[in-house]
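The following paragraphs lead through a single structure, beginning with the terms on which the description rests.

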Amino acid sequence: MDKLILEHIHSSIKNKKKLLAILLDPDKCTLDEIPATVERIIKLSADFIFVGGSFVENGVTAIFVETLKKNTNLPIVLFPGDYSQVTNHADAILFLSLLSGRNPEYLIEQQIKAVPFLKNSTLEIIPTGYILIDGGTNSSVLKISNTLPISQNNFELAVNTAIAGEYKGKKLIYLEAGSGAKNLVNIDIIKKVKENISIPLIVGGGIKNKIQLENAYQNGADIVVVGTAFENKIDFKN
Ligand code: 1GP
């Protein structure tokens, strides 16, 4: 199986190039809006389009990604809220385990349910440790997963969770404050996690301006994900 996306991430890190992913929620962007949306993403020089949402109905993601593909060559990476969002039209999938939570449904059940969709697919499957830090809102992930986030002050737990993820064989760590977070992932958490893992680090949740974006990069994020600010047409790069 090709490992193009993960290889691209590793070679960008080697070349000291920071990466940007724009997160699109198929529930919040109609098919008609896709061409203009893609144009905006290209203007931002984004490297990836992540697609996912917490409440997307069955079948919607497939049509959404198929239409996106017709409009762009940018790599499309699934960031699924649940197994029903798996579609072969994308290039890769973040095969997520919610490591900060203690709900078996999101540690292994959903992953097993995804297998019938994945085993004959051409998607690049990227094992990803997903760690939710308290973003100060009752985010969709919290509601749906029925788990508690890690406190912004509990550096040790955040770091040890990320290291455990690497030991478990995850290829990426995604440090997340939750979509629309009030409080971004603390830069010291980003820094300490980055210092303690050797796999690439994704950071997201609540980023809406250039300073926040740069802070995440400077403290160790290899990829930053922006969803809500992009949706709200906020110019977060300037
Ligand atoms: C959510 O990390 C992503 O899973 C992006 O968050 O929507 O707050 O940018 P925002």
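A polar contact is a pair of N or O atoms within 3.5 Å; within protein, one atom must be able to donate a hydrogen and the other to accept it, and residues adjacent in sequence count only if both atoms are side-chain atoms. The model is predicted, so that local features need pLDDT of at least 70 and side-chain atom pairs count only at pLDDT 80 or more, while totals for chains, interfaces and linings use all residues. Residues are numbered from 1 along each chain as its sequence is written, and side-chain values use heavy atoms, with hydrogens and water left out.

A contact within the protein involves Thr161, whose side chain reaches the backbone oxygen of Leu157 at 2.5 Å. Thr161 belongs to helix H6, residues 155-167; helices (H or I, at least four residues) and strands (E, at least two) are DSSP runs, numbered from the N terminus. With a relative accessibility of 9%, Thr161 counts as buried; this term means under 20% relative accessible area, whereas exposed means over 50% and partly exposed lies in between (1.4 Å probe, protein chains only).

The ligand is surrounded by 14 residues, of which Glu176, Ser179, Gly180, Gly206 and Thr228 are the closest; a residue is counted here if one of its heavy atoms lies within 4 Å of the molecule. By class, this shell holds 5 nonpolar, 8 polar and 1 charged residues, where Ala, Val, Leu, Ile, Met, Phe, Trp, Tyr, Cys and Pro count as nonpolar, Asp, Glu, Lys and Arg as charged, and the others, Gly among them, as polar.

Oxygen atoms of the ligand take part in several polar pairs. Thr228 contributes a polar side-chain atom, 2.5 Å from an oxygen atom of the ligand. Strand S6 (172-176) and strand S8 (223-226) are the elements that give two or more residues to the shell.

Most residues other than glycine have a negative phi. Lys16, although not a glycine, has a positive phi of about 60 degrees; Lys16 is placed in the loop between helix H1 (4-14) and strand S1 (19-24) and is exposed, with a relative accessible area of 75%. Asn146 has a positive phi near 55 degrees. Asn146 is found in the loop between helix H5 (140-145) and H6, and its relative accessibility of 67% makes Asn146 count as exposed.
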